[in-house]
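Subject: Handing over the structure

Dear colleague,

My notes come after it.

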Amino acid sequence: MATKIRLARGGSKKRPFYAIVVTDSRMPRDGRFLEKVGTYNPLLAKDAEDRVKMDLERIQAWLGKGAQPTDRVIRFLEAAGVRPKAERNNAKKGTPGKKAVARAKERADKAAAPAESAE
């Protein structure tokens, strides 16, 4: 069975509260889970002690059994010092798309055209 350590959403509308759970990867996000290993309250201040609570012993046990944490849970584990910090770089996010490149080229051509005619 492929297990994941991920967030399960709770709370009311526009007031999110997440449980950090260990679940079968085939289960829905808020569906059945094997064990609840922590909580995450994004409405609290970033430096608040109760923002992220995790049972690190149980998480370590599940990681030892082969459970795969999601990206957000990996960040929590890095902040807790359980995992080493990974270098993240999304090089494609900052590059413009095809249409933006085409528009920039058109603008550059238009700007160059009057400069050439003035000479």
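Predicted model: local features only at pLDDT ≥ 70, side-chain atom pairs only at ≥ 80, totals over all residues.

Residues are numbered from 1 along each chain as its sequence is written, and side-chain values use heavy atoms, with hydrogens and water left out.

The sheet

Helices and strands here are DSSP runs numbered from the N terminus, with at least four residues of H or I for a helix and at least two of E for a strand. Two strands are said to pair if DSSP finds at least two bridges between them. As background, strands of a sheet pair through backbone hydrogen bonds, either parallel or antiparallel.

In this model five strands form an open sheet in the order β4-β3-β2-β1-β5, and the pairing is mixed. The edge strands are β4 and β5 (68-69), each of which pairs on one side only.

Strand β1 (residues 3-12) pairs with β2 in the antiparallel sense over ten bridges. To follow this pairing on the screen, you can find Thr-3 with its bridge partner Asp-24 in β2, then Leu-7 with Ile-20, and then Ala-8 with Ala-19. Ala-19 also stands opposite Thr-39 in β3, and β2 is joined to strand β3 (residues 35-40) by five bridges, with the two strands running antiparallel. By contrast, β1 and β5 run parallel and are joined by two bridges, with Ile-5 standing opposite Pro-69 in β5.

How much of strand β2 is covered? Calling a residue buried when its relative accessible area is under 20%, exposed when that area is over 50%, and partly exposed in between (1.4 Å probe, protein chains only), eight of the ten residues of β2 (residues 15-24) are buried.

The loop between β1 and β2

The hairpin of β1 and β2 has two residues between the strands, and Lys-14 has its place in this loop. Although Lys-14 is not a glycine, it has a positive phi of about 65°. Lys-14 is also exposed, with a relative accessible area of 69%.

The aromatic rings

Rings of Phe, Tyr and Trp (its six-membered ring) pair if their centres lie within 6.5 Å, and planes under 30 degrees apart count as stacked, over 60 as edge-to-face and the rest as tilted. A search of the whole structure finds two aromatic pairs. One of them is formed by Tyr-18 and Tyr-40, which are stacked at 5.8 Å centre to centre with 25° between the planes. This pair links distant parts of the chain, since Tyr-18 is in strand β2 and Tyr-40 in strand β3, 22 residues apart. Both Tyr-18 and Tyr-40 are buried.

The rings of Tyr-40 and Phe-76 have their centres 4.7 Å apart and their planes at 50°, so this pair is tilted. Because Tyr-40 lies in strand β3 and Phe-76 in helix α2 (residues 71-80), the pair ties together parts that are 36 residues apart in sequence. Phe-76 is buried, as is Tyr-40, and ring pairs link Tyr-18, Tyr-40 and Phe-76 into a cluster.

The largest pocket

On a 1 Å grid over the protein atoms alone, a pocket is an open set of points where a 1.4 Å probe fits, with protein on both sides within 12 Å along at least five of seven lines, and lining residues have an atom within 4 Å of a point. Grid points are joined across faces, edges and corners, and a volume is the space filled by probe spheres set on the points.

The largest pocket holds about 310 Å³ of space. Its lining includes Tyr-40 and Phe-76, along with Lys-46, Arg-51, Arg-72 and Arg-75. Which element supplies the largest share of this lining? That share, five residues, comes from α2, and β4 (52-54) and α2 each supply at least two residues.

With best wishes
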